[in-house]
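Author: Let us read this model together, one feature at a time, taking the general idea before the particular case. Where would you like to begin?

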Amino acid sequence: MPLHKGGSSLDLNNYRPISLLSIFDKIIEKIMHKYLYLFLENNKILYQNQFGFRKGNSINYALIQMIEKIRESIDNSKFGCGIFIDLKKAFDTVNHKVLITKHEHYGIRGVLLKWFESYLTGRKQFVLVNGQSSNLKDIYCGVPQGSVLGPLLFLIYINDLPNVSKKLNFYPFADDTNIYYESNDLNIEKILNNELKQLSMWLKVNRLALNIEKTNFVIFHACQRVKDHNITLKLDRKAISERDYIKYLGIAVDSKLSRKPHINNISKKISRSVGILYRIRKLVNQSILKNVYYSLIYSHIVYAENSICYKI
């Protein structure tokens, strides 16, 4: 089922393919997920700063860790460079052979490995839109979106990404990854570009592509520190755009770690909802008004509130 993500509804790239799977399939997947997850956690295989699709972790934890790192750099009068990479259709481009090889590397072997190979290969799909269905097509890559196992298999696939560099700090949340580097000055262009070459090589080896238009970086610094020159960062010979602020996991963070961009974004989101609340105030009772408020306004105000309690 094609699910519209945003942007033009006429652009097929703006749809996420959600697999509608049988109940029997999901029961088996839940059983396999339980034991695979226990194996990965008990043997401490998953990257410790990976917060996506893991029990006991949340977006709040990922944001707190990232923001605390930026705050630490600013408090120590250092420059921090945050590179926010965006993978192009990451879940849909997972290479099955590479994924199976990584399973084997992490200790999943024998009959269990054959089960995962059987699970991934030989799949077919068709698309149903407005009552019309396409012909069946073979699936040669990707993990099923909408499945129980898909997210965990993706974490295994990108688990070795932080190993590409000993100088950079990685803060991934599923396929959203923030790369961070701090320095006493802005003479960091050569170092970062050399490390990004290693990242580019990893992407090629793992058959993943970067959405360069949505990949940006921000130079974080204290108000009293002057950013005396710009730097140019490139990934796969393409320049990465520098931004004054970035939106990461739903939170807008600017170069000085102020709350203004986030407040502006929230204001835009709730302004229409406030208008709806105003127009229906005399047509419904107070209980319905509260439900509308909590669903359309309050949810935006309290989103990741513990992560953005910062003031510089």
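Reader: Between which elements does Arg237 lie?

Author: Arg237 sits in the loop between β11 and β12 (238–239), where helices (H or I, at least four residues) and strands (E, at least two) are DSSP runs numbered from the N terminus. Before we go on, note that this is a predicted model, in which local features need pLDDT of at least 70 and side-chain atom pairs count only at pLDDT 80 or more, while totals for chains, interfaces and linings use all residues. Residues are numbered from 1 along each chain as its sequence is written, and side-chain values use heavy atoms, with hydrogens and water left out.

Reader: What is phi of Arg237, and is the residue buried or exposed?

Author: Its phi is near 65°, a positive value in a residue other than glycine, and Arg237 counts as exposed because its relative accessible area is 81%; the scale calls a residue buried under 20%, exposed over 50% and partly exposed in between, with a 1.4 Å probe and protein chains only. Phe53 is another non-glycine residue with positive phi, near 60°, and it lies in the loop between α1 (23–42) and α2. At a relative accessibility of 42%, Phe53 is partly exposed.

Reader: How should I read a sheet, and in what order do the strands of the open sheet stand?

Author: Strands of a sheet pair through backbone hydrogen bonds, either parallel or antiparallel. Here two strands are said to pair if DSSP finds at least two bridges between them, and five strands form an open sheet in the order β8-β9-β3-β10-β13, with mixed pairing. The edges are β8 (169–173) and β13 (241–242), each with a single partner strand, so one side of each has no neighbour in the sheet. At one end of that order, β10 (residues 216–220) pairs with β13 in the parallel sense over two bridges, and Phe217 stands opposite Glu242 in β13. Helix α2 (residues 59–75) packs on the sheet and touches β3 (79–86), β8, β9 (176–183) and β10, contact meaning heavy atoms within 4.5 Å. The direction of α2 makes about 15° with that of β9, the axes being lines fitted to C-alpha atoms, for helices over the stretch in contact, and the angles running from 0 to 180 degrees between N-to-C directions.

Reader: How do I judge a helix, and which residues of α6 are buried?

Author: An α-helix has 3.6 residues a turn, so residues three or four places apart point the same way. The buried residues of α6 are Leu192, Asn193, Glu195, Leu196, Leu199, Ser200, Trp202 and Leu203. Seen down the helix axis, they fall within an arc of 165° and so line one face of α6, the arc being that of the directions from the helix axis to the C-beta atoms. These residues pack against β3, α3 (96–105), α5 (150–157), β9 and β11 (234–235), whereas the face of α6 turned away from the buried side carries the exposed residues Lys190, Lys197, Met201, Lys204 and Val205. Just after α6, Arg207 takes a positive phi of about 60°.

Reader: Which residues touch the most other members of the largest nonpolar core?

Author: In soluble globular proteins, nonpolar side chains tend to be buried together. A nonpolar core here is a set of buried Ala, Val, Leu, Ile, Met, Phe, Trp, Tyr and Cys residues joined through side-chain atoms within 4.5 Å, and in the largest, of 54 residues, Leu36, Ile83, Leu153 and Leu233 touch the most other members. The largest share of this core, six residues, comes from α5. Leaving aside neighbours within four places in sequence, Leu153 is in contact with Leu36, Leu99, His103, Phe116, Tyr119, Leu120 and Val143. Apart from this core lies another, of 20 residues, including Ile67, Phe173, Ile246 and Val253.

Reader: Which way do the residues of β15 point?

Author: In a regular strand the side chains alternate between the two faces of the sheet. In β15 (residues 251–254), Ile251 and Val253 point one way and Ala252 and Asp254 the other, and all are buried. Four bridges join β15 to β14 (residues 245–248), the two running antiparallel, and Lys247 has Ala252 as its bridge partner. Two residues separate the strands of this hairpin, in which Leu249 has a positive phi near 55°. Asn265, in helix α7 (residues 260–280), touches Tyr245, Lys247 and Ala252, not counting residues up to four places away in sequence, and its relative accessible area of 18% makes Asn265 buried.
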